[in-house]
Amino acid sequence: MRASNVTKAVALALSVAWVAGCSTSGTSSSTGSTDGTDSGTTQGVGQGSGLSGSSMTDVANLQTVFYFDFDKSVVKAAGFSDLEKHATYLAANPSAQVVLEGHADERGTREYNIALGERRAKAVSRFMQVNGASASQIETVSFGEEKPAILGHSEASWSQNRRVELKYVTR
Amino acid sequence: MVSRFLAFSALFLTLSVQADNGDLAIEITQGIDEPTPVAVVPFSWNGSAALREDIAQIVSNDLGRTGLFSMMDRRNMLSFPSSREQLFFRDWRVSKTEFVVIGRQLPAENGQIKVEFELYDVLKEQQLLAERVSGSLNNLRDIAHYISDMVYEKLTGIRGAFSTRIVYVTAQQFGEGKVRYRLKMADSDGARPVTIREQSEPLMSPAWSKDASKLAYVSFESGKPAIYIQYLATGKREKIQSFRGLNGAPAWSPDGHRLALVLSKDGNPEVYILDLRSRNLARITHHYGIDTEPSWSPDGQSLIFTSDRGGLPQIYRIHLPTRQLERLTYEGNYNSRGRLTQDGRFLAMVHRGIDNVFHIAVQDLKSGRVDVLTDTYLDESPTIAPNGSLILYATQKGVKGVLGGVSLDGNVRFILPSASGDVREPAWSPYLQ
């Protein structure tokens, strides 16, 4: 919980920087062109310029949790845009790596759910590969129903638990 | 020697009784609507220090939990006989008690105790069982469960399974998303729990070896699932399988030499058999769907497993020599984690029917009939007692995971008390050696 709060705080701070740096662009296509400049900026990050890098800004600002329907592993359209951006970032930064953690809600059996969680993580992985990421940059792991995001026995909790969490190992 | 002689003579006596009254066992198995009244009288004790356990009460609880017997509350007993001379059958006939267990607890040297127990048929005024058992004062529960096994077998004709163990997983939250996962082992009645593995990452799918000397389970201690074998006597652990992707659902073969398991190293979850001696790995299923939760038929010739190859999770059986595949379940929209009874006839499973609630169900593989056994909520992980008398499973009570029990006919249901944390994934041991 603490980690995610930190992430949110950083994301928020960076999003301000991102908006400032990209004041001329408001459409998704111009976001793509921003991504195109990522490789150059990434070197700046590597030199230790810290949080000012716009490439980090992009990634940190994106959605990292993607939700699924019961017993389904179809990536929902709501996640397409941000997943494409993560993929584009990975394509532009070959040394960057992510882990996709697949999860299920508590209904059904545990081993079936761990298989379902893997299937969800792999669906996200395929989506990102289609959009330019390399298979070697993506690792999938499933926790099934073992690590719920929210405890509870109603659809309100279950819908939050059927998810894939995208985590950067290296940027 | 004397005690052994007593046991044998009692056995012969009982056999002759059963031969004379072939309906004895049948009456009891049919008698669930009207359970057989049995009284376990408090055992006498002439030692100096108080005993730590009440053996007679444990025996009474064991027998009562099967649902086959209605156990007499000791507060309603007219007397507490502990020997044949003190036992007046008329007193017990008045209360309609059909069988009485009496016993004497005698101190022995070196922290030992001797317990002599006798079982009587009240109506026939006959002794059915008389035996002496010795044990440690520290393990009075072992003695109690042994007596329960003897009495149960004498009254039902079915081997008792009280002297067995269960393992299960607990998850204890302590704030900030921190969880302690524990693999625990307890008596079949949930008493005497001991932790045999504890860690901060999930533990899953414990499975007993057929000789009950080791467990296989899935651990995420490295951040990814891997299969481990742990020896119960020494606590020694061995990492068996850690391929890329899933490593899960271990199931020991009846011969003890092979482990069925699930790997997704080839792209999606498939069932494999690992030969533990040669370390050869044989792939059993070939389908792009989810294939998981393998379990062996008692003869070791087949595996049953869950697959969503038909669109929804259902249970299939594959005959290993021929690789012939057969779908077993058709009723319900989600059937998974099947377990077979030792006679191979009944399939216990997690079942979701038209009410969309997960229950434990049993399918008679001969007739195809499916009976939903439980009325609890979010039921999973059925595990069958080695004598086929009861199914233990995981369920929810309030916001807590607990273990539930149900007889194979669904007539007897109970919840095991849980000490702390969320309890899940029970696995019933085979008979102990």
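Two residues are in contact when heavy atoms lie within 4.5 Å. Leaving aside neighbours within four places in sequence, B:D187 is in contact with B:R141, B:H145, B:T164, B:R165, B:I166 and B:R192. B:D187 belongs to strand β8 of chain B, which covers residues 179–187. The residue is buried, with a relative accessible area of 2%. Two of the contacting residues also make polar contacts with B:D187 through their side chains. The side chain of B:H145 makes one with the side chain of B:D187, at 3.3 Å. The side chain of B:R192 makes another, at 3.0 Å.

Confidence was considered next. The predictor assigns the complex an ipTM of 0.86 and a pTM of 0.83. Chain B has a mean pLDDT of 89, and 91% of its residues reach 70 or more. Residues 1–31 of chain B have a pLDDT below 50. Beyond near neighbours in sequence, this stretch has 25 contacts in the model. Where pLDDT is low, predicted coordinates should not be read in detail.

Chain A contains 7 helices and 4 strands. Along the sequence, the pattern of chain A is α-α-α-α-β-α-β-α-β-α-β. Chain A has 171 residues, and 46% of them are buried. Among contacts in chain A with a separation of 6 or more, 73% link residues 24 or more positions apart.

Two strands of chain A can be followed in detail. Strand β2 (residues 97–103) and strand β3 pair in the parallel sense over 6 bridges. Within this pairing, A:E101 stands opposite A:V141 of β3(A). Strand β3 spans residues 138–144 of chain A, and 6 of its 7 residues are buried. Strand β3(A) is therefore largely enclosed by the rest of the structure.

A helix of chain A supplies a further buried residue. A:R120 lies in helix α6, residues 110–130. Its relative accessibility is 0%, so A:R120 counts as buried. Leaving aside neighbours within four places in sequence, A:R120 is in contact with A:F68, A:D69, A:F70, A:D71, A:K72, A:S73, A:H103, A:A104, A:R162 and A:V164. A:G152 is 32 residues away from A:R120 along the chain, and their C-alpha atoms are separated by 21 Å.

The largest nonpolar core comprises 33 residues. B:I229, B:L259, B:L261 and B:I391 touch the most other members of this core. Leaving aside neighbours within four places in sequence, B:I229 is in contact with B:K214, B:L215, B:A216, B:K236, B:R237, B:E238, B:I240, B:W252, B:L259 and B:L276.

Strand β24 of chain B, residues 358–364, runs antiparallel to β25(B), and 3 bridges join the two. In this pairing, B:V362 has B:D371 of β25(B) as its bridge partner.

A hairpin in chain B is formed by strands β26 and β27, with 5 residues between the strands. Within this hairpin, B:G388 takes a positive phi near 75°. Strand β26(B), residues 380–384, is mostly covered, as 5 of its 5 residues are buried. Strand β27(B) covers residues 390–397 and runs antiparallel to β26(B), with 3 bridges joining them. One bridge pairs B:E380 with B:A394 in β27(B).

At 35% relative accessibility, B:I415 counts as partly exposed. Leaving aside neighbours within four places in sequence, B:I415 is in contact with B:T376, B:T395, B:K397, B:V402, B:L403 and B:G404. The C-alpha atoms of B:I415 and B:Y393 are separated by 9.5 Å, and the two residues are 22 apart along the chain.

How values were computed
Residues are numbered from 1 along each chain as its sequence is written. Chains are lettered from A and ligands numbered from 1 in the order in which they are written. This is a predicted model: local features need pLDDT of at least 70, side-chain atom pairs count only at pLDDT 80 or more; totals for chains, interfaces and linings use all residues. Side-chain values use heavy atoms; hydrogens and water are left out. A nonpolar core is a set of buried Ala, Val, Leu, Ile, Met, Phe, Trp, Tyr and Cys residues joined through side-chain atoms within 4.5 Å. Buried means under 20% relative accessible area, exposed over 50%, partly exposed in between (1.4 Å probe, protein chains only). Two strands pair if DSSP finds at least two bridges between them. A polar contact is a pair of N or O atoms within 3.5 Å; within protein, one must be able to donate a hydrogen and the other to accept it, and residues adjacent in sequence count only if both atoms are side-chain atoms. pLDDT is the predictor's confidence in each residue, from 0 to 100.
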